[in-house]
Amino acid sequence: MSHRTMDGAPARTAFSGAPLSRVGHQNDCFLASDDDAGTYQLPGEREYAIEDSAFVPVGGETCGLNPPRSQCASALAELSLHHWSFLHTDYHPDVIADWKAEGCFETIACRLGYRFAVMGHESPGQVARGQSLPLRGRVFNDGYARAFNPRPVYLVLQQGAAWHVLEVDAEPRRWAPGAGSDLCLQAQVPADLPPGDYQLGLWLPDGSERLRDDPRYAIRLSSGATWDSANGVNLLDATVRVVE
């Protein structure tokens with residue numbers, strides 16, 4: 001059941017940090033009837049929930065079989081339309097079993113929330129210390145939703161066990177589902193960085209200082225990079241030579 005007032009445009013308050021931008025939607029009877037067992041009662045409420053779902057957390061559970069609405073075709077369409085990020089898979093067991101039997105459960109599990117894939121990238125082969133290092137690329141979000149919590153993005157220069165992080169101007173919350181986003185990243189190479197060859201990577205840690213260095217909370221790209229589980233870094237197939 002949604003507990004939001006239908007005033008204001010969701011896109012206007014998105015990412016602002018205001019209370020309205022931080023309240024999500026919980027649907028405890030997903031697909032159980034035409035109005036999801038009373039989840040949508042007022043005129044325009046469903047439309048508002050759809051619009052708002054593009055920017056806030058959405059999830060819940062099913063509560064009973066209601067074919068064909070509770071079956072795969074409808075479920076896949078509705079999960080995408082409402083940008084679901086989380087799902088209680090223990091209930092309703094008959095609906096979950098139906099999705100597994102029909103063959104859509106793995107797709108649902110894969111696409112809940114965001115799922116970022118690097119489609120391509122380019123960077124110079126050499127850069128001087130103290131100069132700007134550009135990295136251009138494209139990320140596609142194959143998930144149902146956005147990343148709804150703010151988090152920084154760092155360009156990583158890794159050499160053996162040593163790695164150096166350079167914060168760049170990027171906003172993962174704007175990498176919309178079902179769309180590609182162009183990245184034009186720039187980072188200043190430290191003037192005292194030792195010369196040599198460095199592998200490039202992207203680090204998207206949690207925005208909380210308490211969780212920042214815990215690799216379990218960093219975003220792992222679904223493809224286009226090699227995951228460094230010890231540090232939570234996505235290593236790209238790219239190197240740069242840092243010179244004097």
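**Note on the predicted model: a sheet, a helix face and a histidine**

1. Phenylalanine 116 stands opposite asparagine 141 in strand 6. Strand 4 (116–122) is an edge strand. Six bridges join strand 4 to strand 6 (residues 132–141), and the two run antiparallel. Strands here are DSSP runs of E with at least two residues, helices are runs of H or I with at least four, and both are numbered from the N terminus. Two strands pair if DSSP finds at least two bridges between them.

2. This is a predicted model: local features need pLDDT of at least 70, side-chain atom pairs count only at pLDDT 80 or more, and totals for chains, interfaces and linings use all residues. Residues are numbered from 1 along each chain as its sequence is written, and side-chain values use heavy atoms, leaving out hydrogens and water.

3. The open sheet has three strands, in the order 4-6-9, with antiparallel pairing. Its edge strands, strand 4 and strand 9 (179–188), each pair on one side only.

4. Now helix 3 (residues 45–52). Its buried residues (under 20% relative accessible area, 1.4 Å probe, protein chains only) are Glu45, Tyr48, Ala49 and Asp52. Down the helix axis they fall within an arc of 100°, so they line one face of helix 3. The arc is taken from the directions from the helix axis to the C-beta atoms. These residues pack against helix 1 (10–13), helix 2 (19–22) and strand 1 (25–27).

5. Histidine 82 sits in the loop between helix 4 (72–81) and strand 3 (86–87). Histidine 82 is buried, at 4% relative accessible area. Neighbours within four places in sequence aside, its contacts (heavy atoms within 4.5 Å) are Tyr40, Arg46, Ile50, Ser53 and Val58.

Notes:
Buried < 20%, exposed > 50% of the residue type's maximum accessible area, 1.4 Å probe, protein only.
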